[in-house]
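Colleague: I have a few questions about this model before I use it. Could we go through it together?
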Amino acid sequence: MRTVWPLVCLIAPAMLTGCADTDYYLQSIGGHLQMMQAARPVAQWLTDESVAPALKQRLALAQRIRRFAVTELHLPDNASYQRYADLQRRSMVWNVAAAPDLSLTLKTWCFPVTGCVGYRGYFSEAEARTQAQELASAGFETSVYGVPAYSTLGWLNWAGGDPLLNTFIRYPEGELARIIFHELAHQVLYVKDDTLFNESFATAVERLGGERWLAAHGSAAAKKEYAEFDARRRQFRALSIATRRRLARIYKENKSAAPDKQALLAMKNIAMQDFRDDYVRLKSSWGGYAGYDAWVAGANNAAFGAQAAYDELVPAFEALFDAQGKDWQRFYDAVRRLAQLPAIERARALKKIPTESLSG
C-alpha cells in the first residue's frame, strides 16, 4: 500500500501556525527534508564507481520504466523518479489506520489541501506504533503498515520531485514498474477527500501499465516471476475481498435498532478465524511463499478497511479503460470528468460501469 502525503505543511513551515498537531507536522517536514537531502540524480549514481553494479542495473531499469510511463502510458514527464536515495531503512513511512470493533469504516484525519484520508503517516515506526497504542486505548482496532513510497502529487517537482528509493528499487521488475506507474498516476489526478477513488484509480493504472511493460519489454524470467507473484496476489485478494464482504454483512446488523453486540462479535470472530484457516489452505499451494503471513496475523477491521481503498473500485476503472478503447489519454479525460462530479454521483457512476468481463 502506498500513500499521499499531507504536503501543505511540508511546503512551508510557516504554515504550522494553522496546524493543530505541531509535533506531527514537524516530523513530517523533518522526514521529508531528510529524504530530499539524501537524493542524488540517477546519473550521478550510475557514474559513481563505488556504487554496486547490481544497484546501477536497477536504477537504469527504473529509468527505462519511467520513460515507458511517459511515452506509452502518457503519465507526467517531470522531475519525479530521476533521483535516488538510500534511506537506510525498510520503509519510507509507516501508516496508522484505525476502525471501530464493529465497522470497516476507517477513522479519518484531515489536512489542508489534500483533505481527509483514512490513515496517518509517520517517518518513525516507533511513533506510528505509539499513535496506534493511543487509538487502541480509545477502543479502536489499529493497523500499522510500512509504505515503500508516497506521492507529493507533483507539487514538489520544482524541488526535485519524488525520488526512487531503496525501499522498492529491488522489487521484481513487474512490481517496480507498477509502483512507479502508481505514484505517477497520482500526479495525473487527485480528488480531495476521496481516498477510495484516488487509490483505486492509481492501482488500475499500475495494473494495466505493468502488464503492458512486461509484454513489451519484460524478459521471459521477469514475466514468469511476475505471473507467479501476481497469481498469489489475485488469490489472496479474492480471499480477503470475500472476508471483507462477509464482515460488512455482519456489521450491517449493528445498525439495527437493538443489536446484540456479543452475538455480532461472535460472528465476527468466526469470520476472522475462517479467513485465517482458509489462508493456511491457500498458502499450502504456494511452495513456501510466506509474504502475506504478517498481514494475516494482524488482520482486523483497520487492516481490511485500509486494503479496501486500493482494490474496491479497480474493476470499474479497468472497465472504463476498456470503454475508452484502451486509449490512455481518453481514459484520463474520462476519469477527470468523473472527478468533477459530486462524491455520491461519482461513486454511482463508477458502480454502473459493467465489470463482468474483468477477472479482477
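Colleague: Where is Q88 found?
Modeller: This is a predicted model. In it, Q88 sits in the loop that links strand 3 (83–85) and strand 4 (93–99).

Colleague: What is the phi of Q88 near?
Modeller: Phi of Q88 is near 60°, which is a positive value in a residue other than glycine.

Colleague: Is Q88 buried or exposed?
Modeller: Q88 counts as exposed because its relative accessibility is 68%, and the cut-off for exposed is over 50%.

Colleague: And K326, in which loop does that one lie?
Modeller: K326 belongs to the loop between helix 12 (314–323) and helix 13 (328–339). Its phi is near 55°, again a positive value in a residue other than glycine. With a relative accessible area of 47%, K326 is partly exposed.

Colleague: What about G325?
Modeller: G325 follows helix 12 and has a positive phi, near 70°.

Colleague: Staying with helix 12, how many of its residues are buried?
Modeller: Seven of the ten residues of helix 12 are buried, so this helix is largely enclosed by the rest of the structure. The buried residues are V314, A316, F317, E318, A319, L320 and F321.

Colleague: Which elements cover the buried residues of helix 12?
Modeller: The cover includes helix 7 (195–217), helix 11 (301–311), helix 13 and helix 14 (343–351).

Colleague: Which residues is E175 in contact with, leaving aside its neighbours in sequence?
Modeller: Once neighbours within four places in sequence are set aside, E175 is in contact with Y226, F229 and R233.

Colleague: Next, V42. In which helix does it lie?
Modeller: V42 lies in helix 3, which covers residues 42–47. V42 is buried, at a relative accessible area of 2%.

Colleague: What does V42 touch?
Modeller: Not counting residues up to four places away in sequence, V42 touches L59, Q63, Q82, R83, Y84 and L164.

Colleague: How many Å separate the C-alpha atoms of V42 and E127?
Modeller: The C-alpha atoms of V42 and E127 are separated by 31 Å, and the two residues are 85 residues apart along the chain.

Colleague: Now the whole chain. How many helices and strands are there?
Modeller: The protein chain has 14 helices and ten strands.

Colleague: Which radius of gyration does the chain have, and what would a compact globule have?
Modeller: The chain has 21 Å, which agrees with the value near 21 Å for a compact globule of 360 residues. Along the principal axes, its C-alpha atoms fill a box of roughly 65 × 50 × 45 Å.

Colleague: What can you tell me about burial and contacts overall?
Modeller: Of the 360 residues, 54% count as buried. Among contacts between residues at least 6 apart in sequence, 75% join residues at least 24 apart.

Colleague: Last, what are the surface and charge figures?
Modeller: The accessible surface comes to about 16,200 Å², with 54% belonging to carbon and sulfur atoms. The chain has 43 positive and 38 negative charges, and their mean positions are 2 Å apart.

Key: Residues are numbered from 1 along each chain as its sequence is written. This is a predicted model: local features need pLDDT of at least 70, side-chain atom pairs count only at pLDDT 80 or more; totals for chains, interfaces and linings use all residues. Side-chain values use heavy atoms; hydrogens and water are left out. Helices (H or I, at least four residues) and strands (E, at least two) are DSSP runs, numbered from the N terminus. The radius of gyration is taken over C-alpha atoms; the globule rule is 2.2 Å times the number of residues to the power 0.38. Buried means under 20% relative accessible area, exposed over 50%, partly exposed in between (1.4 Å probe, protein chains only). Contact means heavy atoms within 4.5 Å. Accessible areas come from the Shrake-Rupley method with a 1.4 Å probe; for residues, only the protein chains shown count as cover. Lys and Arg count as positive and Asp and Glu as negative; His and the chain ends are not counted. The place of a charge is taken as NZ of Lys, CZ of Arg, CG of Asp or CD of Glu.
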